[in-house]
Amino acid sequence: YARGIMNKTPFETLKELGKKENLLKGTIHLLEWDQETMMPEEGGDHRAEQLALLNTLHHEIMTSEKFKKGLDEAESEGLSEEQKACIREWKRDYHQ
């Protein structure tokens with residue numbers, strides 16, 4: 001049985017936010033690739049709006065208080081080496 005929303009550990013919260021961040025980043029890269037390789041020129045204005053929205057959502061996740069709090073609190077959990085590596089990567093991304 002999965003933990004309820006209120007019972008998530010800080011690491012679980014970070015993992016959820018990290019997944020959303022990763023999905024957004026992947027979608028951004030795909031749209032940018034399409035823009036450079038296949039997209040008709042007439043689609044430029046619409047693509048710019050799409051990318052602006054996705055980049056805004058990405059930035060909001062990576063600079064959110066929820067993400068910062070998760071980073072601060074997760075280190076006090078008994079984490080595996082793999083989880084600690086995730087924390088290091090998220091911290092690096094957070095501080096950029």
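Biologist: Hi! Where is threonine 56 found?
Modeller: Threonine 56 is part of helix α2. Keep in mind as we chat that this is a predicted model.

Biologist: Which residues of α2 are buried?
Modeller: In α2 the buried ones are Arg47, Leu51, Leu54, His58, Ile61 and Met62. Looking down the axis of α2, the buried residues fall within an arc of 90°, so they line one face of the helix.

Biologist: What is on the other side of α2?
Modeller: There you find Asp45, His46, Glu49 and Leu53, which are exposed.

Biologist: And what do the buried residues of α2 pack against?
Modeller: They pack against α1, α3 and α4.

Biologist: What does the side chain of serine 64 reach?
Modeller: The serine 64 side chain reaches the backbone oxygen of isoleucine 61 at 3.0 Å. A polar atom of that serine 64 side chain also lies 3.0 Å from the backbone nitrogen of phenylalanine 67.

Biologist: New topic: charges. How many salt bridges does the structure hold?
Modeller: There are eight salt bridges in the structure. As background, side chains of opposite charge can pair when their charged atoms come close.

Biologist: Give me one in α1. What does glutamate 21 form a salt bridge with?
Modeller: Its partner is lysine 25, and the closest N and O atoms of the two are 3.2 Å apart. Glutamate 21 and lysine 25 both lie in helix α1 (residues 10-37), four residues apart, which is about one turn of the helix.

Biologist: Is glutamate 21 buried or exposed?
Modeller: Glutamate 21 counts as buried, at 4% relative accessibility. Lysine 25 is partly exposed, with a relative accessible area of 29%.

Biologist: Which residue does lysine 84 meet in a salt bridge?
Modeller: Lysine 84 meets glutamate 81, at 3.5 Å from N to O. The two are three residues apart in helix α4 (residues 81-94), so about one helical turn separates lysine 84 and glutamate 81. Glutamate 81 is exposed, with a relative accessible area of 57%, whereas lysine 84 is partly exposed at 36%.

Biologist: And what about glutamate 89, which residue is its salt-bridge partner?
Modeller: Glutamate 89 pairs with arginine 92, the closest N and O atoms being 2.8 Å apart. Glu89, Arg92 and Asp93 are linked in a network of salt bridges.

Biologist: Now the rest of α4. Which of its residues are buried?
Modeller: The buried residues of α4 are Ile87, Trp90, Asp93 and Tyr94. Seen down the axis of α4, they fall within an arc of 130°, so they line one face of the helix.

Biologist: Which helices do the buried residues of α4 pack against?
Modeller: Those residues pack against α1, α2 and α3.

Biologist: Last topic: the core. Which residues of the largest nonpolar core touch the most other members?
Modeller: Of its 17 residues, Phe11, Leu14, Phe67, Leu71, Ile87 and Trp90 touch the most other members. α1, α2, α3 and α4 each supply at least two residues of this core, and the largest share, six residues, comes from α1.

Biologist: What is phenylalanine 11 in contact with, leaving aside its neighbours within four places in sequence?
Modeller: Phenylalanine 11 is then in contact with Ala74, Glu77, Leu79, Gln83, Cys86, Ile87 and Trp90.

Key: Residues are numbered from 1 along each chain as its sequence is written. This is a predicted model: local features need pLDDT of at least 70, side-chain atom pairs count only at pLDDT 80 or more; totals for chains, interfaces and linings use all residues. Side-chain values use heavy atoms; hydrogens and water are left out. A polar contact is a pair of N or O atoms within 3.5 Å; within protein, one must be able to donate a hydrogen and the other to accept it, and residues adjacent in sequence count only if both atoms are side-chain atoms. A salt bridge is a side-chain nitrogen of Lys or Arg within 4 Å of a carboxyl oxygen of Asp or Glu. Buried means under 20% relative accessible area, exposed over 50%, partly exposed in between (1.4 Å probe, protein chains only). The arc is that of the directions from the helix axis to the C-beta atoms. Contact means heavy atoms within 4.5 Å. A nonpolar core is a set of buried Ala, Val, Leu, Ile, Met, Phe, Trp, Tyr and Cys residues joined through side-chain atoms within 4.5 Å.
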